[in-house]
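Let's take a walk through this model together, one element at a time. Have the viewer ready and follow along.

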Amino acid sequence: MSLSPKVSRPPTRTTPSGQPVRRRTNSPFAGMNQGSADIRREPHARSEAEVRRSSGGRERPKKAREPFHALKMQKALSAVSYGQRASIKAKISETESFDEFPLLPMVKESIATQALSGMVDLVPTPIQRLAIPILLGNETRAARRRSAASGKKEMEQFLLAAETGSGKTLAYLLPVLDAIKRAEVIDVELEAQKKIREEEERKKVNFHALEPPPLSNAPHPTTGRPRAIILVPTSELVTQVGNLTKLLSHTVKFRSGLISSAYSGKVIRNRLFAPTGIDVLISTPHLLASISESDPNILSRVSHLVIDEADSLLDRSFAPSTSTVIDKSTPSLQQLILCSATIPRSLDSYLRQRFPDMRRLVTPNLHAIPRRVQLGVVDVEKEPYRGNKILACADTIWSIGKAAAEHAPGDTERADIKRILVFVNEREKTQEVAEYLTSKGIDAVALNRDTPEQRQSETLGGFTTITPKTAPETAKDASAPRSGPNYIAFNHTASPVTPPPRRHLPNTKVLVTTDLGSRGIDTLAVRHVILYDVPHSTIDFIHRLGRTGRMGRRGRGIVLVGKNDRRDVVREVKEGMFKGQALI
Ligand SMILES: Nc1ncnc2c1ncn2[C@@H]1O[C@H](COP(=O)(O)OP(=O)(O)OP(=O)(O)O)[C@@H](O)[C@H]1O
């Protein structure tokens, strides 16, 4: 194929005045018959002044929306650089098994036999791969330099930060127990040496050395003086972490005690001052700080202090008590370990000021909600709810519950119990929402700070343990026809499936709670989280949605968005979750 010989020749036509006709450059054929691709440049972007001038001042120049504009406005979370995330990712990929950690054999054994018993193909999670070897290892370089200069061992400081439900508890607990057992060996040796020396001294000076020494009634040297302390914000977490610690003690052999306001003064005293001693104490900061006022000795031997949920324990309400415990333990402390699922900016600046040498162990996915957690949005303003949020909530729960019934039609014995968490922003709202849901035939309870401690633990207990195939729930109206969608209507305008009052939704349990239920509670059994109110910050989004999708499981979050809620924030969180990006 050959081109016409006239290609790119100047036009032969002329104007009446004899001038050659110029080719119009702004016509559909302007690009034809040319020797070179004369691609027009990008249109000239109008300046702000031009836009304003041409519109007579009515039009404001449009700015391209920066990503996460609304979230940046909140400035809640501290940033972690991409380079930092990439280098940690490479580092942790080198570890594949718990066997690679230099843990004592008994501690290693406790992982499979106690902490994660029943699980197959055990592998450490990213935070465990990152933190365990470092916590077991030597001091940070800066601390080592100072120790060498002062001749005194410096306290090491660490911040463990990783996603919710990623195994942070074991990441600090295993190295702490390892350190305690190693210290115990040294103590035993020292004790034995001391005894031998004393015996020899006595033989030298005392002719009656062969007389048996008088029986001593002295309590165990560790009575009321734990070596390790773990601080958590709530009684529920004391129970959760305490139970895991107790489990490990069956194999590792140490004495642990858990104290919180859920126990009577007598129980607390008995646990702290047991004549057999105590090695690990799990407590809330307020309680321990107040005990240390009357009995400062309690913090005189602490070598390891863990501040779990550090973002809460160092915020305004907890900081005074937490700081008291840190300050009083510091003289004997070897390691201070902070642990958190988020690094809020406030925590970041506090740490830079107070602990400038703190070593940060941060996983690559920090501040990202995993993609396995889907986020749906229900627009409460649209039909059929017309602004009735509480109705939208009940309707959404019925949709989820009905999906379970559809899964095993007519066979309530085989249907899994769906456990749903509903988060509200204000504690007064928990009761109101729970009562409404109950009136709509839903098995719902409220949990807030006013709920008696005992009830709190019992209620949460039902959401933390996984029951394989559940016991049957009596379907009060199993014969009723199943109608309405069996899916969660994201952005939906479908007709409501809320039933008339006396019907009961089987196989579904709902807990309506505030932030109290969002921190640290290992709600493995929860697949659905409903955000009744849009959370105040990305930190709350992360913690609340973090109650589902734990340890590789799938989960679903549903936000109910009303008239006064920040839709822009919800949109950006959803976008970030879809892309698997860290929220800002
Ligand atoms: N290596 C592992 N393999 C499998 N499961 C694990 C592993 N480590 C911990 N788990 C389990 O993962 C669950 C979540 O662990 P954990 O409560 O420590 O999470 P977390 O990171 O502290 O979460 P949060 O930030 O919400 O407090 C627990 O049920 C725990 O038994």
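Keep in mind as you look that the model is predicted. Zooming out from that pair, strand β2 (residues 228–231) and strand β5 (residues 304–307) run parallel and are joined by 4 bridges.

Both strands belong to an open sheet of 7 strands, ordered β3-β4-β2-β5-β6-β1-β7 and paired in parallel. At its edges you will find β3 (256–258) and β7 (359–362), each of which pairs on one side only. On average, neighbouring strands of this sheet are turned by 15 degrees against each other, direction ignored. Helix α12 (residues 319–329) packs on the sheet and touches β2, β5 and β6 (335–340). The direction of α12 makes about 165 degrees with that of β5.

Now for a pair of helices. The axes of α8 (residues 235–252) and α16 (residues 453–464) come within 9 Å and cross at roughly 55 degrees. That angle is why α8 counts as oblique to α16. The crossing of α8 past α16 is right-handed. On the α8 side, Ser 235, Glu 236 and Thr 239 make the contact, meeting Glu 453, Gln 456, Ser 457 and Leu 460 of α16. Sorted by class, this contact has 1 nonpolar, 4 polar and 2 charged residues.

Finally, turn to the ligand. Which residues come nearest to the ligand? Of the 21 around it, they are Gly 167, Lys 168, Thr 169, Ala 341 and Gly 520. Helix α7 (residues 168–205) gives the most to this shell, with 3 residues. By class, the shell has 9 nonpolar, 9 polar and 3 charged residues.

Definitions and conventions. Residues are numbered from 1 along each chain as its sequence is written. This is a predicted model: local features need pLDDT of at least 70, side-chain atom pairs count only at pLDDT 80 or more; totals for chains, interfaces and linings use all residues. Axes are lines fitted to C-alpha atoms, for helices over the stretch in contact, and angles run from 0 to 180 degrees between N-to-C directions. Helices (H or I, at least four residues) and strands (E, at least two) are DSSP runs, numbered from the N terminus. Angles under 35 degrees count as roughly parallel, over 145 as roughly antiparallel, 65 to 115 as roughly perpendicular and the rest as oblique. A crossing is left-handed if the near helix is turned anticlockwise from the far one by less than a right angle, and right-handed if clockwise. Two residues are in contact if their C-beta atoms, placed from the backbone, lie within 7 Å. Ala, Val, Leu, Ile, Met, Phe, Trp, Tyr, Cys and Pro count as nonpolar, Asp, Glu, Lys and Arg as charged, and the others, Gly among them, as polar. A residue is near a molecule or strand if its C-beta atom, placed from the backbone, lies within 6 Å of it. Two strands pair if DSSP finds at least two bridges between them.
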